[in-house]
Amino acid sequence: MSTIREPVVIHKGLDNVYVKESKICYIDGEASKLFYRGYSIEELASHSTFEEASYLLIYGWLPTESQLDQFTRKLESNRAVEPRLLELLRKLPPKSDPMDVLRTAVSALGVYDPQPATDDLDARIDKALAILAKVPTIITAFQRLRTGSDPIPPTGHMTQAGEFLYMLTGHEPKPHDVHVMDVALILHAEHEMNASTFACTVTASTLADMYSVITSGIGTLRGPLHGGANEAALRTVLDVGDPSNAESYVVDALAHKKRIMGFGHRVYKTWDPRYLILKKLGEELAVKKEQTKLFDTALAIETSARRHLEGTPIFPNVDSYSGIVFHMLGIETDLFTPIFVMSRISGWTAHTIEYLEANRLIRPKALYVGKIGLPYPPIESRSGKPQE
Ligand code: ACO
């Protein structure tokens, strides 16, 4: 019997497929522009905080002083994690990847919540904010446990960026370090319908709870084609080691058709505006931390790669300097993608809520190209191989 074929177009990778209208994020990849709710990323990075940007993304407007105060208190009061979650973290193998730990821990938060599911959109936001507040606590607790130290509880009065840096070491972080971390969180908070945001949207469209939604996002961000490029970019800079080695590294990599990590983007065909902001912060930080050789090596790789890739739409992206910035802040390389989660939950939540306001179960189709109506063979006469 013949296969059923429909006259359809297959959108592999869903390139250029729109799944909803949105007022959250606008990217112009040809003009190096990124806006959250209409505000440019440059304005937000200069004047806003991660808390303010998160409020903007989730609720749709910049908060008044009292709205921001209430929002910040909500995060502060949710920052601590319960002892049984810390017990769970203690039981996980210390060699676990922190993204696997984070995925497990956020999922466990749902198990510990006596009422994880709710249809009320405000209650959904509250659950997402509780998770957002706890993620720095979970990441830093695991980091300390795997290095033989006890977790440090949150102070309860610092920002997402400040608490994270504080709980890593137990020392009051320097204001400039907090500022750099805060800007990095703003830059990573949202980026339209990327793979992890789509995964969250698919899960939310089934009316699953927010723990399931955010766990889906973490699992999707985990893959090296999405999160993780900044780790690879940093490793490249550390391996190259010195600005004088940059040119030979780039020539060799391109000759062997290897990708320069931190370069290229599906949407940006010119400078990624987030890259420009992080590069400037990285330069300042390198001077303050006396790590100019690291920065200069990254710069030499960038300059050489741009020269060899001239005429192509392959430009540096946000990941070319984010890993270097986190490294200079003293953060372990495998915590970079968890930091991405610590920020992107805001974007995931904003899109999830926007989608649920007019929900429709996401259920695409696959074009069946196999056979149908085959006779069912007895076990002794099966070939044990794929059908011809
Ligand atoms: N270095 C060298 N060549 C590159 C690079 C790069 N970083 N990126 C793309 N190219 C080349 C490809 O080899 C390909 O060349 P070909 O046509 O001769 O085969 C061409 O550009 C097109 O590549 P695609 O993978 O089709 O382009 P796409 O737009 O889908 O790629 C991607 C985007 C996956 C990000 C890619 O640029 C890449 O792998 N970059 C390195 C990893 C990275 O930095 N990722 C972070 C992205 S930012 C973020 O996710 C937060």
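Ala, Val, Leu, Ile, Met, Phe, Trp, Tyr, Cys and Pro count here as nonpolar, Asp, Glu, Lys and Arg as charged, and the others, Gly among them, as polar. The model is predicted: local features need pLDDT of at least 70, side-chain atom pairs count only at pLDDT 80 or more, and totals for chains, interfaces and linings use all residues. Residues are numbered from 1 along each chain as its sequence is written, and side-chain values use heavy atoms, with hydrogens and water left out.

**Around the ligand**
- A polar backbone atom of Ile260 is 2.7 Å from a ligand nitrogen atom.
- An N or O atom in the side chain of Lys269 is 3.1 Å from a ligand oxygen atom.
- Asn317 places a polar side-chain atom 3.0 Å from an oxygen atom of the ligand.

**The largest pocket**
- A pocket is an open set of points on a 1 Å grid over the protein atoms alone, where a 1.4 Å probe fits, with protein on both sides within 12 Å along at least five of seven lines; lining residues have an atom within 4 Å of a point.
- The lining has 50 residues, and Asn194, Leu225, His265, Arg266 and Val267 lie nearest the centre.
- By class, the lining has 23 nonpolar, 14 polar and 13 charged residues.

Notes:
Polar contact = N/O pair within 3.5 Å; in protein donor to acceptor, adjacent residues only side chain to side chain.
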